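Student: Could we go through this one together, starting with pairs of charged side chains? I'd like to keep the cut-offs in view as we go.

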Amino acid sequence: MEVQAGRYPISSSSARRKENLKPESRQDDSKVASLEPGKVKGDTIMQIGMTYLIHLLLQTCKVFKEIFVADVFDISLQEVRKWQEKDPGAIDLSSAANIFCELEGHREQGIEKEDELRRKITQRVKCDVTAKDPLSPKVLPPVDCLFLVHCLEGVCPDKEAYLNALENLSTLLKSGGNLLMIAWLNCTFFMIGSYKVPSLCVDEELMKKLLTETGFVIEELTVVPRYEKHLYSRTDADAAIYVVAKKV
């Protein structure tokens, strides 16, 4: 089965797979794992984009009481539901949970970490980043933290569309709330299953400019170069960027 959404499709076969993390996936995870209580505060967080990569939310459990997931794809949200309900065909996050627990010194608690995340995900919502009201017709209160995961480059054809999407999504965040963001830099494509997705090419300076113009103050910004990108054909990105910003 294949579902068309935005500029590209995603197939159920590509979403439903055992989550065996590659080294670059661990790179993303270890950055999220650096999230410490006190650095980013609040009760609610919403992840937008790549929601079937819900292992990225494992470390947010120790900070937030309630987690919302939003995506442009119904099928991605269905994968989250299956995982929450422990469906036999759901994605397997056990290896990711074990990695996170190992970073905390409690590898044997992977199952408990997964169950904690299942309990804390209380909303699964369809999202259109190009709309002024991205969650319509669903209405949710603004969250304390917005977590964007590779969700704009593949659906925004140009810089103006990217800026508009950031402005739309900022309405979902409380004033003074935090934006966490993971994105590829200098990327012209990435793969979803066997489909090659064209990507808006964004560099570090443009990213900082767009965030500032949207009303965010950047508090932390880390660029991690992909030194061995020739070994990983899923994207041609030069680097990954991790941003912590505050809405003013």
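Student: How far apart are E204 and K208 in helix α7?
Tutor: E204 and K208 are 4 residues apart in helix α7, so about one helical turn separates them. They form a salt bridge whose closest N and O atoms are 3.7 Å apart, where a salt bridge is a side-chain nitrogen of Lys or Arg within 4 Å of a carboxyl oxygen of Asp or Glu. Helices here are DSSP runs of H or I with at least four residues, strands are runs of E with at least two, and both are numbered from the N terminus. This is a predicted model, in which local features need pLDDT of at least 70 and side-chain atom pairs count only at pLDDT 80 or more, while totals for chains, interfaces and linings use all residues. Residues are numbered from 1 along each chain as its sequence is written, and side-chain values use heavy atoms, with hydrogens and water left out.

Student: Are E204 and K208 buried, partly exposed or exposed?
Tutor: E204 is partly exposed at 29% relative accessibility, and K208 is partly exposed at 28%. Buried means under 20% relative accessible area, exposed means over 50%, and partly exposed lies in between, using a 1.4 Å probe and protein chains only.

Student: Which residue does K120 pair with?
Tutor: K120 forms a salt bridge with E116, with the closest N and O atoms 3.8 Å apart. The two are 4 residues apart in helix α5, which puts about one helical turn between them. K120 counts as buried at 18% relative accessibility, whereas E116 is partly exposed at 22%.

Student: And how many salt bridges are there by this rule?
Tutor: The count comes to 12. One of them joins K86 and D115, whose closest N and O atoms are 3.4 Å apart. K86 lies in the loop between α3 and α4, and D115 in helix α5 (residues 110-120), so this pair ties together parts that are 29 residues apart in sequence. K86 and D115 also belong to a network of salt bridges that includes E114 and R118.

Student: What about the backbone at K86, what is its phi?
Tutor: Phi of K86 is near 55°, which is a positive value in a residue other than glycine. K86 is exposed, with a relative accessible area of 52%.

Student: Where does H150 lie, and is it buried or exposed?
Tutor: H150 lies in the loop between β6 and α6 (159-170), and it is buried, with a relative accessible area of 9%. H150 has a positive phi of about 45° although it is not a glycine.

Student: Changing topic, which peptide bond is cis?
Tutor: The bond from S136 to P137 is cis, with omega near 10°. P137 is placed in the loop between β5 (121-126) and β6 (143-149).

Student: Back to α6, which of its residues are buried, and what covers them?
Tutor: The buried residues in α6 are Y162, L163, A165, L166, N168, L169 and S170. Their cover includes β3 (44-48), β6, β7 (173-185), α7 (204-213), β10 (216-225) and β11 (239-247).

Student: How much of the chain as a whole is buried, and how many helices and strands are there?
Tutor: Of the 248 residues, 52% count as buried, and the secondary structure comes to 7 helices and 11 strands. Counting contacts (heavy atoms within 4.5 Å) between residues at least 6 apart in sequence, 72% join residues at least 24 apart.
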